[in-house]
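Let us walk through this protein step by step. Keep the sequence and the 3D view side by side as you read.

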Amino acid sequence: MENPRKRGGIYSRRSVLDDRHGRSVSEQQEAGRADFDTYGWDLAETYEDDGKSASRFATKTRDDWLRALADIDACRLDVLWLWEPSRGDRKLTEWAGFLDLCRDRGVLLHIGSHGRTYEPANARDRRTLAEDGVDSEYESEKTSKRVRRALAANAVNGVPHGNVPYGYRRTYHPKSGILIGQEADPDQAPIVAEIAARVANSEPIITITKDLNTRGVPSPAGRQWTRAVVRRIATHDRYVARRTYQGQVFAGQWPALIDEATFAAARRVLSDPSRKTTRPGRQKWLLSYFATCGQTVNEDGKVDPHGTICGAALCAIPAHSHHSTPGYRCSTTGGHVQVNQPGMDDLIEDLVCHRLAKPDIYELVAAPDDSVILTAREEATALKEQLNGYYDAAARKELSPAGLIAMEQRLLPQLADAEHRAMTIAVPRALRDMITPGMSIADVHARWKDRTIPAKRDILRALFIDIIVLPHPNRGQKGPDVPPARVRPTWRTYRTADPHP
């Protein structure tokens, strides 16, 4: 009785890193089919994992290799074809386990590049395959070391790495294919600069995103722009010609698309702790949840002239059948204070524009650089982490109470100073762009009108600690005008001249 024809499978794999000049997956499959015809085997299944590494440095799962192992374990195959042993596994322990599995299931291995079929149950064949596994792992380690060394050298030398980023294009030598350089893309580079400038001016990311999509500007992926993509472009170091590698920053050998001042301003806007990330583009009201209620109330929240200030935020009341004009109202139940929205906004606009027209304001808001702000915030964060480390050490009884007190006495004043600097010099770029030496109040008003609501709110946060709205002296009386006596603004105190109007 004749032996049944052997059922076999062809496994092909090509890793971009370790096999740049090796056979492609299709070429391996073609060679495997030719061997199957030569040996009279029946092809039961094909497996391929294109572009996936088999080394210990792999980050992607080789699904078809796992499927091939499962078919061998289930006795569905009699022979497995590989172009070379390294196509199977470059981890020695995994390769040894694979050989054990083939031996136990009686599966043969045919190595196409060897032109030979091996029987893992045969001691001599097994030794040959095991030695191939040692060689494969060794080559993998050498390749990894070579790649890491090249990456480190490229980083130090500022050579571009990875895919071509949006905003740039690369030039290569026509014969060798070696990278010559990275230059600004004439179509995309202006979009990068525009995004950074708009973010630096406190324009909401969602507004920028919608505008780019409305204009039909192609995104990096060729699809619709998203907020995440806009944010990443506005804050990525590559656009100021810097490259980060293993925590270190190196100067890139390509042109910057964003100037340092704009880049620092954009990062400051997006990293501001007071910035709301819940769809700022939908902000329609200047003072909603910024101004607060100044009505005095008792512990039960009832109006009491001898009580304490309510302090609840004012929310917006859109115009409807009961309110012909929109307004602001205390957000507590019942609403202690209510005020006309257009009149209140006009009053605050007048206060802001008069302040920004004063001669000392330019020196006040234009002197600090955004990089100083970021440095102060990073310093404060580092000091907090250092202090928390001492607290943890004290909790583990690795630091004595006296030692903890000494650390607090040294670090707390530094932390307070860093936080104070970060707060007092953190003036939005949008505010700086509002003023020019010698401007009239009319000029300031004109620039204020051009600002978006989120940008105006940035200006308010820079100028005011809070804005308290007092109840109308004649309760129940309404009107479009808001008398200045009803508003009690608390201005921020900066390092220079008195900012009070």
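An axis here is a line fitted to C-alpha atoms, for helices over the stretch in contact, and angles run from 0 to 180 degrees between N-to-C directions. Helices (H or I, at least four residues) and strands (E, at least two) are DSSP runs, numbered from the N terminus. Residues are numbered from 1 along each chain as its sequence is written. The model is predicted, so local features need pLDDT of at least 70, side-chain atom pairs count only at pLDDT 80 or more, and totals for chains, interfaces and linings use all residues; side-chain values use heavy atoms, with hydrogens and water left out.

Start with the whole protein. It has 15 helices and 17 strands. Of its 501 residues, 41% are buried. Buried means under 20% relative accessible area, exposed means over 50%, and partly exposed lies in between (1.4 Å probe, protein chains only). Now take contacts, meaning heavy atoms within 4.5 Å. Among those between residues at least 6 apart in sequence, 62% join residues at least 24 apart.

Next come the helix pairs. Two packed helices are described by the angle between their axes and the distance between the axes. Helix α7 (residues 227-235) packs on α8 at an angle of about 135°, with the axes 8 Å apart. The two, α7 and α8, are therefore oblique to each other. Angles under 35 degrees count as roughly parallel, over 145 as roughly antiparallel, 65 to 115 as roughly perpendicular, and the rest as oblique. From α7, R231, A234 and T235 make the contact; from α8, F263, A266, R267 and L270 do. By class, this contact of α7 with α8 has four nonpolar, one polar and two charged residues. Ala, Val, Leu, Ile, Met, Phe, Trp, Tyr, Cys and Pro count as nonpolar, Asp, Glu, Lys and Arg as charged, and the others, Gly among them, as polar.

Compare α5 (residues 189-200) and α6 (residues 205-214). Their axes come within 10 Å and cross at roughly 150°. So α5 and α6 are roughly antiparallel to each other. I191, E194, I195, R198 and V199 in α5 meet I205, T207, I208, D211 and L212 in α6. Six nonpolar, one polar and three charged residues form this contact of α5 with α6.

Now look inside. A nonpolar core is a set of buried Ala, Val, Leu, Ile, Met, Phe, Trp, Tyr and Cys residues joined through side-chain atoms within 4.5 Å. The largest has 34 residues, and L287, M344, I348, V352, L356, L460 and I467 touch the most other members. Helix α9 gives the most to this core, with six residues. Which residues does L460 contact, leaving aside its neighbours within four places in sequence? They are L286, L287, F290, I348, V352 and W448. A second, separate core of 28 residues includes A189, A196, V199 and A266.

Most residues other than glycine have a negative phi. Y289 has a positive phi, near 60°. Y289 sits in the loop between α8 (260-271) and β10, and is exposed, with a relative accessible area of 56%. K397 also has a positive phi near 60°. The place of K397 is the loop between α11 (370-395) and α12 (401-424), and K397 is exposed at 75%. E408 lies in helix α12 and is partly exposed, at 23%. E408 touches L387, Y391 and P413, not counting residues up to four places away in sequence.
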